[in-house]
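The sequence and structure are shown first, and the description follows.

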Amino acid sequence: MASPTANKLPLRIGEDSTGAPVGHDPKNPKRDEKLTRMGTASIPRLITEFAIPSIAGMLVNGAYNIIASIFLGQAMGEIGLSAMTVANPIMIVFIAIAMLVGVGGNALAALRLGEGKRVDAEISLGNTVTLSVFASIAIIVCATMPFILDNLLTLSSATDEVRPYAASFIRIISFGFILQCIGLGVNNFIRTAGAPNRALVTMVLGALTCIICSYLFVIQFNWGVSGSAWAIVCGQAVSCAAVLWYFIFTKNVPLRLHLRYMRPQAKIMKMILSLGLASFFVQAGLAVVSFVLNYFLVVYGAQSPLGADEALASFGVVQRIAMFCLLPVLGVAVAIQPLIGFNYGARLIERVRKTFWYGVAGSIVLGIFMWGLVHLFPSMIVGAFGIEHEEVANFTVFALKVQLFLMPLIGFQVIGSNYFQATGQPLKSILLTLTRQIIFLVPLLMILPEVLPRVLPQFNSLEALCFGAPIADFLSIFTTGVFVLLEMKRLGKLERGEVKAKYLSADAG
């Protein structure tokens, strides 16, 4: 057995193997302060400092999605909401790709900074931007090919009435995908650079731009679904410009975007994609669920008094509200990721453990708060989306309450899967993500509409679909608990020097 100190860094926090501060830049000592404090400052204070702007940014971005949908519902009624529901899975795919590149690159940069390798962190930043450009070209090519777009809309269960609106929306936002990649994905690097408030500013600027443009284009100019798409592109452009300005022109930043570090490096890109797979599967899982859900909504909606398009519109509203309620929890997960990654890279295991559990506690509190809002004001929330038919509104309220039944505990599952990503264990993170989004939920969506009405005749097949989410949440929370218990034991052994830390290093193959 190794000695208790065999695998601990024989260095003070903030020093590299030469004894110099982590990422030390003698010409700009101020650059070091934002990094070293992640391994020395009070954990609750750091989490609060990072989480408040992260949560605020998430809520602002979620608000513009909600407000844009409200504008569209007020201007076009259920048909506009149905078009957005059909386009939603494809939009989620776009987000998945942006997160694959951005979160993966950021996770690698956080580990490198914890190891004291600033140049490697900046190479990660540069290659992340390069990967964003490659992905954007591929998206534009696919969106301009009618065969691919038509098949995607068919897969998303677009009806004849909704299809042209959804197609127009997807074509427009595909041309702004590079803006989304940088404004959303690369934005994460700003938090890792120790500037969470600046990250918030970039998100708020984009969200406010989108809200203003959405009001002008949809309500005032009456551009409908196309106007909503152009508003999103405008907001993404402003966020993208703010992110690039920070890394190119801002003085004394811990990370800087250099053209020479944008040269593609296959080994670095492979590591970025590996670390980003967990976040990709979070979003890809949502996309798969949306495709499957849309199909069953059309099938069982047509069999119910609501109708197919109305069922799509109703669940579209539920999905937007549910995602908005989840955003504060995701904000906590995003906020603690660089803190966990930095301290894990520096082998400060006790700080890693405390950061994780503080994050879990905060996410549970926020989950309870959002759950309370939904159950206190469901009719008011649903009514804001312009749903006029009483039956559709009543079903939407019912679906919303059932879908978010376990909202107070979902934060544990989200923080748990995010922890494994932050510590360079992407396979575990991917598996935990897939349990909630794919492994449990998709089979439940297939089984419940056929089984539940036979056991509980008061529910029809369309209503049975609503119960898939809370059951999947329960199963995934339990599975995450098992993984976290085993990980806490491993951290104890790592702290005692009984095992070696396993995370991706610069020399990993």
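In this predicted model, the largest nonpolar core has 134 residues, and Phe169, Ile170 and Phe247 touch the most other members. Helix H11, spanning residues 308–345, gives the most to this core, with 19 residues. A second, separate core has 12 residues, among them Ala107, Leu108, Ile123 and Met271. In soluble globular proteins, nonpolar side chains tend to be buried together.

The surroundings of Phe169 can be listed by name. Leaving aside residues up to four places away in sequence, Phe169 touches Met84, Ala87, Met91, Val225, Ser228, Ala229 and Ile232.

Nonpolar residues are also found on the surface. Ile212, Tyr215, Leu216, Ile219, Phe221, Trp223 and Trp230 form a nonpolar patch there, and together they have about 670 Å² of accessible area. Helix H8 (residues 196–220) gives the most to the patch, with four residues. Leu216 has its place in this helix and is partly exposed, its relative accessible area being 32%.

Helix H15 consists of 16 residues, 407–422, and reaches 23 Å from its first C-alpha to its last, close to the 22 Å expected at 1.5 Å a residue. Because 15 of its 16 residues are buried, H15 is largely enclosed by the rest of the structure. Gly424, which follows H15, has a positive phi, near 75°.

The other is helix H19 (residues 468–495), in which Ser476 is found. Ser476 is buried, with a relative accessible area of 0%. When residues up to four places away in sequence are not counted, Ser476 touches Gln413, Thr435, Arg436 and Phe440.

Backbone angles provide a last topic. Most residues other than glycine have a negative phi. Ser157, although not a glycine, has a positive phi, and Asn252 is likewise a residue other than glycine with a positive value.

Conventions:
Residues numbered from 1 in each chain as written. Predicted model: local features only at pLDDT ≥ 70, side-chain atom pairs only at ≥ 80, totals over all residues. Heavy atoms only, no water. Helix = DSSP H or I, 4+ residues; strand = E, 2+ residues; numbered from the N terminus. Expected span 1.5 Å × (residues − 1). Buried < 20%, exposed > 50% of the residue type's maximum accessible area, 1.4 Å probe, protein only. Patch = residues over 30% accessible without salt bridge, like charges linked within 9 Å, V, L, I, M, F, W, Y side chains within 5 Å. Areas by Shrake-Rupley, 256 points an atom, 1.4 Å probe, with all protein chains shown as cover. Salt bridge = Lys/Arg side-chain N within 4 Å of Asp/Glu carboxyl O. Core = buried A, V, L, I, M, F, W, Y, C linked by side-chain atoms within 4.5 Å. Contact = heavy atoms within 4.5 Å.
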